[in-house]
Amino acid sequence: MRKVSMPAVPDLGGRLALVTGASGGLGLELATRLAAAGAEVLLAVRDAGKGQAALDRIRAAVPAARVSARSLDLASLTSVHALAGELVAENRPIHVLANNAGVMAPATRHTTVDGFELQFGTNHLGHFALTTGLLPLLRAGQARVTTLTSSSARQARLDWDDLQSERKYLAVRAYGQSKLANLLFALELDRRSRAGGWGIVSNAAHPGTTLTGLYAAGPNLGRDRPAPHEAIFARLNRWGVLVQGVDRGVLPPLYAAVVPDALGGRLYGPDGFGQFTGGPAELAVYRSARDEGEAARLWEHSLSLVPVH
């Protein structure tokens, strides 16, 4: 681990940024920070009402903000391809892409519109389809692409015989597998960019244990009674134990996405005990993600599931 200092966010005037899952939590905080630094920010959101509320909050915090909402449901490849096609048709270079949105640990197995296990399909395949679909714009903008992973990727592995958790579904294991896929994808994108001269800087970051709606939205899927996750983590946050707010959790992905010293092919996260909380640091890439052959295999497998449009 190498601790880094979080400087003032550089001037992002004239830059275009796209943030997925920007209607609340970490995504909203990240979009607000980017807008405050002068970037034009596109909020890719699933719920139009929440997207409008997010725009109102950003404009209240940053009166001069240039922000707009775009429709994106990462659990639907039709929606992903529609947004990518819309942006490619506009032909505006993208300078920052934050692959932030995600779903965590539904108690029972759910699937995307296209039949993929919900976490793998949303967290990894949705972002894979979006990023590869936007490659012409990312190359034109010499973009920085930061994909959100999780410390749960440390203990995860890709079960090639059951990537979609059809034989056996364990919520936390499926989540870890999807976040390992995010990390492998981020590293492989950077390798391919360097090999092909694309000019894209791709890295990964995780926010530690940051209190957001993630702890309620996923665990409550398929349940008649609310899951205890959100209440437990809210209590820990009040006590200041192993949980932090979005104002702190946003720092590693913000650092990775905009600070020139944040390099491609690296992993950034909190510097505190167990990587639960703390300021930004460059972390050692988890052993589970160091196999370049595994990353290349995942890329090709993802292409077979999600043809690039």
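Predicted model: local features only at pLDDT ≥ 70, side-chain atom pairs only at ≥ 80, totals over all residues.
How many of the 26 residues of helix H6 are buried? The answer is 20, so H6 is largely enclosed by the rest of the structure.

The protein chain contains eleven helices and nine strands. Along its principal axes, the C-alpha trace spans about 50 × 45 × 40 Å. A compact globule of 309 residues would have a radius of gyration near 19 Å, and the protein chain, with 18 Å, agrees with that expectation. Buried residues account for 55% of the 309 residues. The contacts also show how the chain is folded upon itself: among those between residues at least 6 apart in sequence, 74% join residues at least 24 apart.

Helix H6 covers residues 171-196. From its first C-alpha to its last, H6 reaches 37 Å, which is close to the 38 Å expected at 1.5 Å a residue. The residue that follows H6 is Gly197, and its phi is positive, near 65 degrees.

Asp162 belongs to the loop between strand E6 (144-148) and H6. Is Asp162 buried or exposed? Its relative accessibility is 7%, and residues under 20% count as buried, so Asp162 is buried. Leaving out residues up to four places away in sequence, Asp162 touches Arg167, Lys168, Arg173 and Gln177.

Strand E7 (residues 201-205) includes Val201. With 25% relative accessibility, Val201 counts as partly exposed. Apart from neighbours within four places in sequence, Val201 is in contact with Ala143, Arg144, Val145, Asp190, Ala262, Leu263 and Gly264.

The next topic is charged side chains. Eleven salt bridges are found in the whole structure. One of them joins the side chains of Arg2 and Glu282, with 2.8 Å from N to O. This pair links distant parts of the chain, since Arg2 lies in strand E1 (residues 2-3) and Glu282 in strand E9 (residues 280-283), 280 residues apart. Arg2 is partly exposed, with a relative accessible area of 41%, whereas Glu282 counts as buried at 15%.

Glu40 takes part in two of the salt bridges described here. With Arg66, the closest N and O atoms are 3.7 Å apart. Arg66 lies in strand E4 (residues 66-71) and Glu40 in strand E3 (residues 40-45), so this pair ties together parts that are 26 residues apart in sequence. With Arg92, the closest N and O atoms of the Glu40 salt bridge are 2.5 Å apart. Arg92 is found in the loop between helix H3 (77-90) and strand E5 (96-99), so its pairing with Glu40 in strand E3 ties together parts that are 52 residues apart in sequence. Glu40 itself is buried, with a relative accessible area of 16%. Arg66 counts as partly exposed at 40% relative accessibility, and Arg92 is partly exposed at 33%. Salt bridges can also join several residues: Glu188, Arg191, Arg192 and Glu300 are linked in a network.

Aromatic rings provide a further set of links. Which kind of arrangement do Tyr255 and Tyr268 form, among the five aromatic pairs of the whole structure? Their pair is tilted, with 5.5 Å from centre to centre and 55 degrees between the planes. Tyr255 lies in helix H10 (residues 251-258) and Tyr268 in strand E8 (residues 267-270), so the pair ties together parts that are 13 residues apart in sequence. Tyr255 counts as buried at 3% relative accessibility, and Tyr268 counts as buried at 0%. Elsewhere, Phe128, Phe185 and Trp299 form one aromatic cluster. A ring may also face a charge: the charged end of Arg297 sits over the ring of Trp160, 3.9 Å from its centre.

Key: Residues numbered from 1 in each chain as written. Heavy atoms only, no water. Helix = DSSP H or I, 4+ residues; strand = E, 2+ residues; numbered from the N terminus. Expected span 1.5 Å × (residues − 1). Buried < 20%, exposed > 50% of the residue type's maximum accessible area, 1.4 Å probe, protein only. Contact = heavy atoms within 4.5 Å. Salt bridge = Lys/Arg side-chain N within 4 Å of Asp/Glu carboxyl O. Phe/Tyr/Trp six-rings, centres within 6.5 Å; stacked < 30°, edge-to-face > 60°. Lys NZ or Arg CZ within 6 Å of the ring centre and 35° of its normal. Rg over C-alpha atoms; globule rule 2.2 N^0.38 Å.
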